[in-house]
Amino acid sequence: MTSVIFPGQGSQFLGMSRDFYDNFKEAKNTFEEIEDTTNISLKKIVFGDDSTLLNLTNFTQVSIFACSISIYKTLEANFDLENMNINNMLGHSLGEYTALAASKCLTVSQASTLLKIRGELMNSAIEPNTTSMAALIGINCIEVEKIINNYDLDLEIANDNSPGQVVISGTNINIIKSEEIFIKKGIKKFIKLNVSAAFHSKFMIEAQNKLNIEIDKIKFVDPICSIISNFDASLNSSSLKITKNLKLQMSNRVRWTESILTLEQIGENKILEIGPGKVLSGLIKRISKKLDTISINNINDLEKLKLL
C-alpha cells in the first residue's frame with residue numbers, strides 16, 4: 001500500500017518544479033489553470049530570480065500548491081499510479097489542500113481559489129510584528145505541553161512535526177520569554193521562525209471564520225482515497241467530515257506526528273512525497289522506522305517510482 005503526502009509552507013525555493021513545467025504539458029497546463037483562476041503571475045514568482053514575493057504568505061501557499069499538484073498531475077497522466085495502490089493522501093497545513101485536489105475532493109481551480117484567499121487572510125490576520133512562532137528542536141510534543149502547563153505559558157503548539165521538532169505560536173513577548181525556559185529544560189535549539197503571524201493558533205480564529213465563508217461556497221465531493229486531516233489525524237473518506245476538519249485547520253494544531261503514526265497503525269509501508277523539497281520525508285524518518293519514503297520534486301526523481 002502507498003500513501004501520498006504533500007509539503008507545506010517552508011518548502012518553497014526559486015525554480016521549484018520548473019523542469020516538470022518545461023518537459024510535461026500536464027504540468028504546464030496545471031500551472032496556467034491556476035494562474036487563470038487566481039490572476040497571479042505564478043511563473044514570474046516561482047521561476048524568477050527574486051525570492052521576495054515567493055516568501056510572502058500571500059503568494060507562497062498557492063505557489064507551493066501549483067508546484068506540487070502540477071507534479072502530481074504529470075505522474076497521474078504519464079505513470080501508472082493505479083498500480084501503486086494509493087490508499088491515503090495527506091498534506092502538511094496548505095499541503096492538505098493539495099491532497100484534496102489530488103484525491104478529487106476539490107478541483108484544482110477550487111483549491112487554488114481557497115489557497116489564494118487563505119494566504120491573504122493568514123498574512124493579514126493580525127497586526128504585523130505582534131505574534132510569531134518558534135521551532136523547538138530536541139523535544140517532543142508531550143514534553144512541550146508539560147512545560148507550557150507547568151510554567152503557565154500563554155503559548156500553543158502549532159505543529160507537532162516529529163518527536164524531535166515541535167513548533168509553538170504566541171505573542172512576540174511570550175515567545176521571547178519562553179526561550180530561556182525551554183533552553184533550561186534541555187532542548188537542543190530554539191529557532192524563531194520568519195513568519196508574518198502565529199499560524200495554527202487562536203490568533204487565526206478570525207481569519208479561519210472568514211475563510212470558512214468561502215469554503216461553504218464550494219462543493220466538496222468524496223475523495224477517491226482516504227484523507228488524513230491535520231485537525232484530527234484520522235482517516236476520513238466523507239467529504240462532510242473532511243470539510244468540517246478543514247474549517248478548523250488554520251486555527252488549530254497540525255498533528256503531523258499522529259498522522260504518520262496513523263499510517264503505521266493501519267499497516268502502510270510506502271510513502272510518496274510529491275512537491276518541493278524533502279522536508280516531510282525527513283520528519284517521517286524521525287517518527288517511524290517502518291515506513292519507506294520516496295520524494296519526487298524533480299524529473300530525475302522519476303526513476304524512484306520503479307521502487308514502488
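The radius of gyration here is taken over C-alpha atoms, and the rule for a globule is 2.2 Å times the number of residues to the power 0.38. For this protein of 308 residues, that rule puts a compact globule near 19 Å, and the protein has 19 Å, so the two agree. Bear in mind that this is a predicted model: local features need pLDDT of at least 70, side-chain atom pairs count only at pLDDT 80 or more, and totals for chains, interfaces and linings use all residues. Numbering runs from 1 along each chain as its sequence is written, and side-chain values use heavy atoms, with hydrogens and water left out.

**Fold and extent**
- You'll find twelve helices and ten strands, which are DSSP runs (H or I, at least four residues; E, at least two) numbered from the N terminus.
- Along the principal axes, the C-alpha atoms fill a box of roughly 55 × 40 × 40 Å.
- Take contacts (heavy atoms within 4.5 Å) between residues at least 6 apart in sequence: 74% of them join residues at least 24 apart.

- Buried residues (under 20% relative accessible area, protein chains only) make up 54% of the 308.

**A look at threonine 257**
- Threonine 257 sits in helix H11, which covers residues 256-265.
- Its relative accessibility is 8%, so threonine 257 counts as buried.
- Leaving aside residues up to four places away in sequence, threonine 257 touches Asp160, Asn161, Ser162, Pro163 and Ile287.

How values were computed:
Buried < 20%, exposed > 50% of the residue type's maximum accessible area, 1.4 Å probe, protein only.
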